[in-house]
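Welcome, and please load the model in your viewer. We will go from stop to stop, selecting one piece at a time.

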Amino acid sequence: MNKMNITLHFEGEKLFAETEISLDKNLSELSFILNSGLEISGVSCDEKSAEPTIESVYEPLFCAEVKKYSVKCGSDFGRIKICYSGKINGWHNIITDDIIELNRYGVWLPCEMSCEVQSFLTVSGCEDFFLVKGEFDGQWHYSAGEWDMNIILYRKSKLQTVSGKYISIYYADKSLDEAAEFSKNVFEDVLNYYTKELFQREYLGSHMEMACLYPALTSGGAYKRYGLIVCITPGTDEKEAVTVNAHEMAHTWCSGAEVGSWEDWLNETTAEWSMLLYCLDRNKNEIFDKMIAEHMEKYPEFPPIKTADGSHPDGVHTKGTIVFYELYKAFGAETIKSIIRLFVDLDVKTTANLLDKMKALGLNEAAEFLTKYVS
Ligand SMILES: [Zn+2]
């Protein structure tokens, strides 16, 4: 397997990276994308210096603006070094004195490479920091797939941790002590509802680590990766604690539809409704009502869920939640539960396959109702 070793360090608000890619088979050309704000200071192929060409500049879905580079050296090469540095931008990407967060949306490492690579990261000069999901042997190390290259560092003197059986919550501001403790309890109750009632299957994922970015970031929502929830705070009131834990944890099961297309409405709607069903089951009707009201308010500004070219429209999360709300009013909570369970069990997660399964299970009327909104 081709390997990419990245050595990363930080100075002020800038990152500095040295990347070395070793190829199993020599190549004559290599291309990749990198955040437009990062400047490449040097490229060499087998120790011979090379000049990268900028092929295009664009914004990949959900990501910061990137430049697509290609590197040629006049002859085949087996090893390529790329050095770059600069400030990072992009959703949920920030470098501060006490908290650093980098993720795939910031395209801080060479991505979409023309050959597949396995990435290994060493963070140098961060002995005073804790790297979430990292390993320490004098320096921090991290290895993961491209989309899991979430580098979250906390200055140790600022780091607070609250741990339960299945979750550890990291945060850097003592004003969140109570919120973290509360959120841990919500997480455990949510997991209990999902495993015993809604999905009726064991939780086989890893210990969850919840990384809270406040005060480095004060807005921007949350996202989930394997064994990781990244958010702003653990929830400063019950509604926030419930929504972040229950929506993000539902993605353990509610995922698998193509994220880059309109079909992503399935992932987001089933996750959001898992959260809403938890609220109904636990008599948290006030949170249910508020969440529906928030989606209702935003609903009219978004385009239809299904696009002509299959691309990802804005607002599928909100649109889908309201479509399911209409279904819920017409057919009840048990029907929503059945639909979510059918989605979780689909082999190929598409709207067409879900509608077919619904009909096979006798949910014909609900399937016809849904068809009106998503075809
Ligand atoms: Zn989601």
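This tour begins with the whole chain and then visits its parts.

**Before you start**

Residues are numbered from 1 along each chain as its sequence is written. The model is predicted, and local features need pLDDT of at least 70, side-chain atom pairs count only at pLDDT 80 or more, and totals for chains, interfaces and linings use all residues.

**Stop 1: the domains**

Colour three ranges: domain 1 (3-155), domain 2 (160-250) and domain 3 (264-373). These bounds come from an automatic or database domain assignment. Helices and strands are named here as DSSP runs, numbered from the N terminus: a helix is H or I with at least four residues, a strand is E with at least two.

**Stop 2**

Select strand E8 (residues 99-102) and strand E13 (residues 151-155), which run antiparallel and are joined by four bridges. Strands count as paired here if DSSP finds at least two bridges between them. Click on Leu-102 and look across to E13: its bridge partner there is Ile-151. Both strands belong to an open, antiparallel sheet of four strands, in the order E7-E8-E13-E10. At the edges are strand E7 (94-95) and strand E10 (129-131), each pairing on one side only.

Now show strand E9 (residues 118-123) with strand E12 (residues 140-144); they pair in the antiparallel sense over five bridges. Val-123 has Trp-140 of E12 as its bridge partner. Glu-135 stands opposite His-141 in E12. How many residues lie between E11 and E12 in their hairpin? There are three, and in the turn Gly-138 has a positive phi of about 105 degrees.

**Stop 3**

Next, select the strands of an open sheet of five, with mixed pairing and the order E14-E15-E16-E18-E17. Which strands are at its edges? They are strand E14 (160-163) and strand E17 (223-225), each of which pairs on one side only. On average, neighbouring strands of this sheet are turned by 15 degrees against each other, direction ignored. Such angles run from 0 to 180 degrees between N-to-C directions of axes, which are lines fitted to C-alpha atoms, for helices over the stretch in contact.

Ser-168 has Glu-209 in E16 as its bridge partner. Then move to E17 and strand E18 (residues 228-231), which run antiparallel and share three bridges. Here Lys-224 is partnered by Ile-229 in E18.

Is strand E16 (residues 208-212) mostly covered or uncovered? Mostly covered: four of its five residues are buried. A residue is buried if 20 or more other C-beta atoms lie within 10 Å of its own, exposed if 12 or fewer, and partly exposed in between, with C-beta atoms placed from the backbone.

**Stop 4: helix H1**

Helix H1 lies across E14 and strand E15 (167-171), running at about 155 degrees to E15. Try the distance tool: the end C-alpha atoms of H1 are 30 Å apart, which agrees with the 32 Å that its 22 residues should span at 1.5 Å a residue. That expected span is 1.5 Å times one less than the number of residues.

Among the buried residues of H1 are Phe-187, Leu-191 and Tyr-194. The buried residues of H1 pack against E14, E15, H2, helix H3 (264-281) and helix H6 (333-345). After H1 comes Gln-200, with a positive phi near 50 degrees.

**Stop 5**

Show H3 with helix H4 (residues 285-298): their axes come within 7 Å and cross at roughly 150 degrees. Leu-276, Cys-279 and Leu-280 of H3 make the contact with Ile-287, Phe-288 and Met-291 of H4. In contact means that the C-beta atoms of two residues, placed from the backbone, lie within 7 Å.

Finally, find Glu-368 in helix H8 (residues 364-373). Glu-368 counts as exposed because it has 12 C-beta neighbours inside 10 Å. Leu-355 is 13 residues from Glu-368 in sequence, and 8.3 Å away in space, C-alpha to C-alpha.
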